[in-house]
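Visitor: I'd like a quick tour of this structure. Can you start with how the helices pack?

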Amino acid sequence: MRTFDLNLARVFVLLYETSSVTATAEALHVTQPTVSYSLGKLRRHFGDELFRRTGRGLTPTAGARRLYEPLQRALAEIEGTVRQADDFDPGTMAGRFTIALSDLGEVTLLPRLLAAARERAPRASFAIHPLDVEDAESKLWRGDLDAFVATPVLTSHRTVRIPLFRERYVGMVAADHPRITGSAVSFPELAAEHHATVHGPSGHAVPRAVLAAHGLLDRVTVDATRFSMLPYLLEQTDLIAVVPEYVGEVFTASHRVRLVRLPFEAEPMEVALYARHASSRSPSQRWLVHFMADVLGQLVSPAQLPPTTAR
């Protein structure tokens, strides 16, 4: 019976998750030729090419896809057992964590995270980077990020997606809006008003898509880059904006704005946490992922409430 080196399993899993010899070498702190040599041993051991080079990096073969799940699961169990004595203790250890958030995340999620961290991990500190969905996964694998929170669904074997909560959409207007005075806005009213929308690298594209779906993009007067500027803009004008409801509730607590029901249902968005696979996380990163999922997973948007209790 041929023996199988555990280090080869690590190389295989990382090659599968990163699609890159370079990223795998960086994660293992070895040279690229070392990874290439290990890949050669893997190919000989399994009698399969395992990965083919394409314009998008290394693409796994059917044989590699069959091998990935059992090897990843076995490696995670082994490394989890080995690392039990090397866990991160948030009560006594200092940790510096780098997280990417959209401006909405900074306004609504970051205060909850920091309040909980002050109690659970008093020596932890955080560096917050602006979210750019185009390169967030690459930054995660380069070690520039420990985790990020995003609404777009990124389907990649390189990262783990952990759903946190769901959000529905509402309209937001100035508290003293001259025409929209009730708790809901009709479609003719919505079509008659001018709108403020947001575009940018955070990937939160649903509000503009909703307007486009109903032929209202020509009613957009302001197309800005950050959601956090909307309450400042709306309380000074008669514009209307489509926003996630939980975010809108945060804004109404500190600005002269209010929320109104839309005349149609927009597909609720799901906010999710993205991180490395468990087998590739350091002890402190494992703690961070569990901490963020616990704190942010407790958020209950009105979109999650039963119809009888949703406002």
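Guide: Terms first. Axes are lines fitted to C-alpha atoms, for helices over the stretch in contact, and angles run from 0 to 180 degrees between N-to-C directions. Helices (H or I, at least four residues) and strands (E, at least two) are DSSP runs, numbered from the N terminus. This is a predicted model: local features need pLDDT of at least 70, side-chain atom pairs count only at pLDDT 80 or more, and totals for chains, interfaces and linings use all residues. Residues are numbered from 1 along each chain as its sequence is written, and side-chain values use heavy atoms, with hydrogens and water left out.

Visitor: Fine. At what angle do α1 and α2 cross?

Guide: Roughly 130 degrees, for helix α1 (residues 6-18) and helix α2 (residues 21-28). Their axes come within 8 Å. The two helices are therefore oblique to each other. Angles under 35 degrees count as roughly parallel, over 145 as roughly antiparallel, 65 to 115 as roughly perpendicular and the rest as oblique.

Visitor: Which residues make the contact of α1 and α2?

Guide: From α1, Arg10, Val11, Leu14, Leu15 and Thr18. From α2, Val21, Ala23, Thr24, Ala27 and Leu28. Contact means heavy atoms within 4.5 Å.

Visitor: How do the residues of that contact divide?

Guide: Seven are nonpolar, two polar and one charged. Ala, Val, Leu, Ile, Met, Phe, Trp, Tyr, Cys and Pro count as nonpolar, Asp, Glu, Lys and Arg as charged, and the others, Gly among them, as polar.

Visitor: And α1 with α3, at what angle do they pack?

Guide: About 100 degrees, with the axes 10 Å apart. Helix α3 covers residues 32-46. α1 and α3 are therefore roughly perpendicular to each other. Leu8, Val11, Phe12 and Leu15 of α1 meet Val35, Ser38, Leu39, Lys41 and Leu42 of α3. By class, that contact has seven nonpolar, one polar and one charged residues.

Visitor: New topic. Where does Leu259 lie?

Guide: In strand β11 (residues 257-260). Leu259 is partly exposed, at 23% relative accessible area. Buried means under 20%, exposed over 50%, partly exposed in between (1.4 Å probe, protein chains only).

Visitor: What is Leu259 in contact with?

Guide: Leaving aside neighbours within four places in sequence, its contacts include Val170, Met172, Ser183 and Glu245. Leu259 and Glu245 are 14 residues apart in sequence and 8.0 Å apart in space, C-alpha to C-alpha.

Visitor: Zoom out. How many helices and strands does the chain have?

Guide: Twelve helices and twelve strands. Of its 311 residues, 47% count as buried. The C-alpha trace spans about 80 × 45 × 35 Å along its principal axes.
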